[in-house]
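Dear colleague,

I am handing over the structure below, and after it you will find an account of what was found. Please read the account alongside the coordinates.

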Amino acid sequence: MFHRESGYYKTTYKGDMALYPLPVGRWSVALIGVLFLVIVPLFLDPYYLSILCLIAIAIVGALGLNILLGYTGQISIGHAAFMSVGAYTAANLITKLDWPFWLAVPSGGIMAAAIGVLVGIPSLRIKGLYLAIATLAAQFIIEWVINHTPAISGGVQASIEVPRPVVFGETLDREIELYYFLMAFAVIAIVATMNLVRSRVGRAFIAIRDQDIAAEIIGINVFRYKLYAFAISSFYAGVAGVLYTYYLSIANYEQFLIVVSIDYLAMVIIGGLGSVLGSVFGAIFVTLLPVVIRIFMDTFGAFFFDPVILAQVTAQFRLILFGALIMFFLVVEPEGLNRLWLNIRNYFRIWPFSY
Amino acid sequence: MADFHWGFFLELVVSGVLIGLMYSLIALGFVLIYKSTDAINFAQGEFVMIAGIIVGACMASYGLPLWLAIALSVGFMVVFNVGLERTVLRPMIGRPIVAIIMATIGLAALLRGAGPFFFGSGTRALNLPIDDAPIIIGDHFIYLNPIHLLGAVAAVLFLLGFGWFFLKSRKGVAMRAVADSHQVSMAMGINVQRYFALAWVMAGVVAALGGVIWGSLLGVDTQLAVIGLKVFPVVILGGLDSIVGVIVGGIIVGVVENLAAGYLDPMVGGGTKDFTPYVLMILMLMFKPYGLFGKPIIERI
């Protein structure tokens with residue numbers, strides 16, 4: 001509708017390889033960038049900014065899981081556990097050694113990646129269900145270890161208080177500063193993933209997902225690339241865990257229970273497996289869902305339910321909707337929100353002359 | 001160990017075996033579905049929970065007698081599972097296994113929300129009409145919980161029944177054929193879809209029974225679903241598609257976690273019960289991924 005794809009000639013390899021080869025793509029990305037970096041923070045009140053912060057964290061985590069599940073086809077039900085590894089590593093480094101954020105964030109990621117590789121080692125022998133159960137076991141074992149090792153968990157109630165990050169001598173204690181901080185990481189994660197999946201490594205991942213025996217035959221070292229996938233995915237998870245810790249100012253293992261792993265699985269499925277944009281959609285959708293339900297229940301819930309049990313009903317309603325949505329998307333639209341978006345876009349690409 | 005008491009050890013082992021058999025009962029539902037439809041059910045614990053909640057709600061809120069409550073619960077599970085098979089699992093036949101796993105994870109979330117949503121979220125007691133004074137055996141004072149005993153007996157009966165069903169009965173043989181190859185069984189004139197539904201129905205019935213037994217032990221609320229997490233070590237240890245494996249795996253898990261709770265907990269401060277079965281399971285996955293009695297799968301392009 002707004003643009004035609006004809007008439008743009010790519011005369012260099014660089015032009016052909018660009019992330020957004022068409023001007024309309026570049027313009028829309030710039031527009032979204034301006035919207036979220038300039039306009040939204042100016043006009044939104046702190047409550048909605050805090051939701052955007054959560055979305056930014058969720059984007060990082062969801063991208064990590066999508067690399068593993070959507071691109072490499074290895075299921076993990078232990079994503080939240082890797083997040084907790086990152087969170088506690090960083091929390092200990094920050095409180096005990098006084099490390100700044102630019103050291104704490106990557107080291108949390110690297111620690112999570114190391115544990116992720118450890119969990120990924122069985123993935124050569126086992127797959128599908130067996131891998132799902134092995135990662136589920138990893139979730140429980142990591143949870144238990146953190147909870148029962150005072151050296152990691154800080155002892156009292158397994159939680160460590162963490163000071164706000166300091167960037168260029170400025171303590172980020174306002175919501176809007178934190179928003180920019182987290183958004184920066186989300187953007188880095190998005191760009192890194194977009195480039196990763198079209199690199200040699202990313203293509204190897206996709207080959208393994210589609211048929212791992214065939215991938216091995218054409219010369220991909222399946223074991224090594226599966227471990228890469230686990231490492232990269234857990235690195236993202238670790239970083240998301242550190243960011244969440246910074247956001248909450250506390251590292252607490254209860255923020256990283258198996259329910260959170262399932263939230264991330266839901267993000268990736270609802271958003272769209274094997275798509276960067278899908279992870280973003282999924283992160284937004286799953287983070288907003290409880291907010292929308294809460295607002296709805298606050299407004300209309302009193303008509304249907306006793307106010308005493310309203311909070312409980314809201315939580316239960318969220319779970320029901322959540323499970324139903326996962327099943328719905330898997331049965332009806334396996335490619336998720338990303339496919340819906342593509343359908344809309346393709347419809348309007350040739351609109352109104354669609355013949 | 002200076003203060004090693006044989007009586008204590010024996011008690012742990014015996015009650016471990018009984019609890020293990022009750023785990024087997026729940027794991028049986030999982031294996032039934034896997035064996036015949038190749039689908040992985042991560043919501044088995046939630047089935048048990050919802051069945052237990054229905055029995056509890058029928059008895060507490062509507063004052064129905066126990067047998068009627070159980071019958072209603074079984075009926076609900078049958079209808080629900082047939083509907084589930086129709087609407088969710090059947091369209092997903094032939095899709096990657098990961099997709100089916102995630103669908104049942106979604107189902108688990110849905111049931112966890114729906115149970116308390118429709119039946120109230122308080123914990124209800126589910127009292128079976130049996131004396132719950134512990135049974136004392138021998139002069140070593142081994143205490144047995146009669147509910148454990150009842151659960152174990154029911155589990156063994158069910159397991160024997162299903163063993164007979166799969167080995168001897170016509171329907172059971174057809175079901176194994178369906179599990180082996182959908183296409184070949186169709187060519188042999190077996191109505192594959194009907195057997196899929198039958199498998200889910202049987203899993204629902206087993207779950208309802210498990211819900212009654214575990215519910216009477218632990219009380220009925222959403223926490224009952226946590227039992228489902230014990231299913232995985234059991235089936236991995238025993239082998240995914242073996243009924244004998246379910247029994248053996250269940251007993252191993254029950255005994256190991258009881259011994260861990262008895263001997264390791266005082267040393268490390270609790271919680272070993274929940275994760276020792278998983279450690280055992282990971283060791284099994286590393287050395288013998290198809291379990292003690294499972295059938296290895298050979299993969300071709």
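**What was found**

In chain B, buried residues make up 48% of the 301 residues, a residue being buried if 20 or more other C-beta atoms, placed from the backbone, lie within 10 Å of its own. Please keep in mind that this is a predicted model, in which local features need pLDDT of at least 70 and side-chain atom pairs count only at pLDDT 80 or more, while totals for chains, interfaces and linings use all residues. Residues are numbered from 1 along each chain as its sequence is written, and chains are lettered from A, and ligands numbered from 1, in the order in which they are written.

Chain B has 11 helices and 2 strands, where helices (H or I, at least four residues) and strands (E, at least two) are DSSP runs numbered from the N terminus; along the sequence their order is α-α-α-α-β-β-α-α-α-α-α-α-α. The C-alpha atoms of chain B occupy a box of roughly 65 × 50 × 35 Å along the principal axes.

Turning to the interface, 38 residues of chain A are in contact with 38 residues of chain B, contact meaning that the C-beta atoms of two residues, placed from the backbone, lie within 7 Å. On the chain A side, helices H6 (129-148), H10 (212-217), H12 (258-271) and H14 (310-332) each supply at least two residues, and H14(A) gives the most, with 14 residues. By class, that side of chain A has 29 nonpolar, 7 polar and 2 charged residues, with Ala, Val, Leu, Ile, Met, Phe, Trp, Tyr, Cys and Pro counted as nonpolar, Asp, Glu, Lys and Arg as charged, and the others, Gly among them, as polar.

The buried residues of H8(A) include Leu178(A), Tyr179(A), Phe185(A) and Val197(A).

Kind regards

Methods:
Buried ≥ 20, exposed ≤ 12 C-beta atoms within 10 Å, placed from the backbone.
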